Amino acid sequence: MKITAATKATIGLCLTQIVGWGTTFLMPSVLGRHFQRDLDLPSEVIYGGITVMFGVGALFAPRVGRLLDRIGARSVMAVGSVIYALSLAALAFSQGLVTYLLCWAAMGIASTLALNTPASIALAQIAGSRARQAIAILAIIGGFASTVFWPVSEALEVIMSWRGVLLVYAAIHLLVCAPVHLLVLPGRPSAGTQATAAPTASAMPSERANRLFILLAVAFSCGAFIFTGFIVHAIGVLRGLGHDPASALLLASLIGPAQVAVRVIELLFGHRYAISSSALFAAAVLPLGLGLALLAGGNFAIALLCLVGYGIANGLKAVLRATLPLALFGRAQFGTYLGRLALPQGIVSAAAPPVLAAVMANYGAEGVLAMTFVIATVALVATVLLVRTSGTIR
């Protein structure tokens, strides 16, 4: 059986995205306490590195999106892997606050070049009409990054200390991820990617295209705030609602399976219904779950519904963040639009954990649920208006 170029790209990107998430965003969950001890930095600064990464990445995203449209993903993502390697190696030799945060800033640049958004753009360029399924596969496999890298990080740290672990991760980016990007991804986008069944932005009246973009940016940015911020505080919120530590951990652990399950459903059956239907469902289930938790979150069954709803919404949004703009604006300028959308999402993702931490400290779990419920409702309204403006999106 012949393996197509799209299949090779999907397999290769699944590998590099697991490495990308596992060695950056998820890495402090295991190694953070060692950073804190040896660098003599408070935990707020240690985890603030992730905020720096998101913030810096957001600033570069629009320019990188345009670059991906012009020259393709291969060289851009390979360069991103090299910068990942350099920044992780530098982090292994960091001695204090300044060098620590500078390394995370460099990882922000690398993430813009090689993580998440560029991978979706690459699949849109190479997979054509099957991009929706390819992006769903990427989202499913990428969800296992913590499953792979949390135990790996823990085991390696015992053997070689956290500095050694970071050097190993740097080597993986340099010797595995960079060559994979060079080998499985195409260079410049082919002429076929310039044509698409969906109406491109240039074919729309500019006022309508701008309105669609604004509504999409509002919906995605509200979702990004909740999905990035709430997950960090989920266990604390559950305990604040009266659940014991074991129950809170059990409930929070169900988010991952819910995300993966809905992504599998999207992969297997997504072609049978419109993308707009998925978007409306994801936008509706989130405020429903958060609202129920706000009213009666101390009840185990209600909390279960909230967390499963959150996982379903997050699982679908991971796919929709790429497939919905692709369906609306087409492949010709997909990188440009995805890069522009990544800017506000990156900014709110960087702000969400500390903002919700402040709300948690001052207003408790109910304050966090109230704030996220309001934001989720705004996202729902924006999604409804988006679908009304665009019509059914296939």
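This is a predicted model: local features need pLDDT of at least 70, side-chain atom pairs count only at pLDDT 80 or more; totals for chains, interfaces and linings use all residues.
The backbone of Asp40 has a phi near 55°, a positive value in a residue that is not glycine. For background, most residues other than glycine have a negative phi. Asp40 has a relative accessible area of 68%, and because exposed residues are those over 50%, Asp40 counts as exposed.

Asn116 sits in the loop between α5 (97–114) and α6 (117–127). Its relative accessibility is 32%, so Asn116 is classed as partly exposed.

In soluble globular proteins, nonpolar side chains tend to be buried together. In this model, the largest nonpolar core holds 84 residues, and the members that touch the most other members are Leu13, Leu185, Leu216, Ile226, Phe230, Leu286 and Leu324. The greatest contribution to this core comes from helix α13 (residues 300–329), which supplies 16 residues. Leu286 gives a view of the packing at one of these positions: leaving aside residues up to four places away in sequence, Leu286 is in contact with Ile226, Phe227, Tyr310, Ala313 and Ala376. Another core, of 35 residues, lies apart from the largest one, and Val30, Phe35, Ala92 and Tyr100 are among its members.

Across the whole structure, a search finds 10 aromatic pairs. In one of them, the ring centres of Trp21 and Phe25 are 5.8 Å apart and the ring planes stand at 80°, so this pair is edge-to-face. Phe25 itself has a relative accessibility of 24% and therefore counts as partly exposed. Phe149 and Tyr169 make an edge-to-face pair as well, with 5.4 Å from centre to centre and 70° between the planes. Both Phe149 and Tyr169 are buried.

Ring pairs also link Phe35, Tyr100, Trp104 and Trp162 into a cluster. Two of these names have been met already: Phe35 and Tyr100 are among the residues of the 35-residue core. Trp162 has a contact with His34, which also touches Glu157 when residues up to four places away in sequence are not counted. His34 belongs to helix α2. With a relative accessibility of 7%, His34 is buried, because the limit for that class is under 20%.

Nonpolar residues are found on the outside of the model too. Leu15, Val82, Leu86, Leu174, Leu175 and Val176 form a nonpolar patch on the surface, and together they have about 520 Å² of accessible area. The elements that give two or more residues to the patch are α4 (74–92) and α8 (145–184). Of the contributing elements, α8 gives the most, with three residues. Leu174, one of the patch residues, is located in helix α8. The relative accessible area of Leu174 is 42%, which means that Leu174 is partly exposed.

Definitions and conventions
Residues are numbered from 1 along each chain as its sequence is written. Side-chain values use heavy atoms; hydrogens and water are left out. A nonpolar core is a set of buried Ala, Val, Leu, Ile, Met, Phe, Trp, Tyr and Cys residues joined through side-chain atoms within 4.5 Å. Buried means under 20% relative accessible area, exposed over 50%, partly exposed in between (1.4 Å probe, protein chains only). Helices (H or I, at least four residues) and strands (E, at least two) are DSSP runs, numbered from the N terminus. Contact means heavy atoms within 4.5 Å. Patches are made of residues with over 30% relative accessible area and no salt bridge: like charges are joined within 9 Å, nonpolar side chains (Val, Leu, Ile, Met, Phe, Trp, Tyr) within 5 Å. Accessible areas come from the Shrake-Rupley method with a 1.4 Å probe; for residues, only the protein chains shown count as cover. A salt bridge is a side-chain nitrogen of Lys or Arg within 4 Å of a carboxyl oxygen of Asp or Glu. Rings of Phe, Tyr and Trp (its six-membered ring) pair if their centres lie within 6.5 Å; planes under 30 degrees apart count as stacked, over 60 as edge-to-face and the rest as tilted.
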